Amino acid sequence: MRGATGGVSGVRVAVVGAYGRMGTVTCDAIEQEDDLDLVARIGSHDALDGVVDARAAVAVEFTTPVTVLDNVSWLLRQGVHTVVGTSGLDSTHLAQLATLAVEANCVVVPNFAIGAVLMMRLAEEVAAHLPQAEIIEAHHEGKADAPSGTAARTAARIAAARTAAVAVPGPAGHPARGMVDDGVPIHSVRLPGLVASQSVMFGGVGQTLTIRHDSIDRRSFMPGVLLAVRAVSGLQGLTVGLDPLL
C-alpha cells in the first residue's frame, strides 16, 4: 500500500510548512523511510484540516514564530502527535502546550542537529565550573526570529547549571552587548550563505573555553527530525529537546 505522496505504508506523517526551507528537506527525508508514510504537505498559510483529512498520526510543524502556537494548539486538540521545529515558543507558550498535550503528545525541539544537542549538553556541564558565558549565533538571512531558539535554550540551560548569579560585564543595557537572556548575553548574526552556527564562549581567570557547532547543510537536522517523529507517539505529554530521546 502506498501513501498519498508515494511513500510505503507506515506511520502516517503530515508536514506543516512543507514548502519552506526545512519543510522541503523534511518531506524528502520522510519519503526515503520505509516505516514512515508522508500523507500530507500543508503550506504555512494553508488550513490545517488537511492533516486530519489525511488521517495523519504525526504532524511536523515548520512554519513561523507568528503561527506556531496556534497551529500546534489546534493539532493537539485534534489528537495529532506533533513535532515542533519552529522557534518562537517561550516558557509561557510551553506551559500552554503542556496542558493541551493530553490526547496527543508534543515534542518541541530548538535544534534537531545531534551535534547541537550535544553542544547544549556540554555547555550546561561547563557552566557549573565556568559560569561566565556569552553566546554568538549565526543564521541565514531569512530566519524570522532572533535570538534563535537554540540560543535561548542554551542560555536557559547555562543559567540552570550555575551555582550562583553572574553579573554581566560591560555597559549595562548597551545594544552592542547583545540581548541578555537568563543572565547570558546573546549576539545574533544574520547573513546570506549561512545555515546555522552557534558558539558558546566561557571565560575564567586566565582562560577561555569555546564550544561551537555548525550546520552547513539542512540535511544535518534530518536524523533528529526522524528520531522525534518515530518517538513522539510513545512519549507522555510535552517533551522539550531531543535529549530525552537520545
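Student: Is C27 buried or exposed in this predicted model?
Tutor: Residues under 20% relative accessible area are classed as buried. The relative accessibility of C27 is 0%, so this cysteine counts as buried.

Student: How many disulfides does a search of the whole structure find?
Tutor: A disulfide requires two cysteine sulfur atoms within 2.5 Å. The sulfur of C27 has its closest cysteine sulfur in C106, 19 Å away, which is too far for a bond. C106, also buried at 0% relative accessibility, has its closest cysteine sulfur in C27. The number of disulfides found in the whole structure is 0.

Student: How many of the 10 residues of helix α3 (residues 68-77) are buried?
Tutor: The buried residues of α3 are V68, L69, N71, V72, S73, L75 and L76. They pack against the helices α2 (49-53) and α4 (91-100), and also against β1 (11-16), β3 (58-61), β4 (81-84) and β5 (106-108). Helix α3 is thus mostly covered, and its count of buried residues is 7.

Student: Are α3 and α4 roughly parallel or roughly antiparallel to each other?
Tutor: The axes of α3 and α4 lie 9 Å apart, and the helices pack at an angle of about 10°. Angles under 35 degrees count as roughly parallel. The relation of α3 to α4 is therefore roughly parallel.

Student: How many residues of the contact of α3 with α4 are nonpolar?
Tutor: On the α3 side, L69, V72, S73, L76 and R77 take part, and they meet H93, Q96, L97 and L100 of α4. These residues include 3 polar and 1 charged, and the number of nonpolar ones is 5.

Note on methods:
Residues numbered from 1 in each chain as written. Predicted model: local features only at pLDDT ≥ 70, side-chain atom pairs only at ≥ 80, totals over all residues. Heavy atoms only, no water. Buried < 20%, exposed > 50% of the residue type's maximum accessible area, 1.4 Å probe, protein only. Helix = DSSP H or I, 4+ residues; strand = E, 2+ residues; numbered from the N terminus. Contact = heavy atoms within 4.5 Å. Axes fitted to C-alpha atoms, helices over the stretch in contact; angles between N-to-C directions. Parallel < 35°, antiparallel > 145°, perpendicular 65-115°, else oblique. Nonpolar A, V, L, I, M, F, W, Y, C, P; charged D, E, K, R; others polar.
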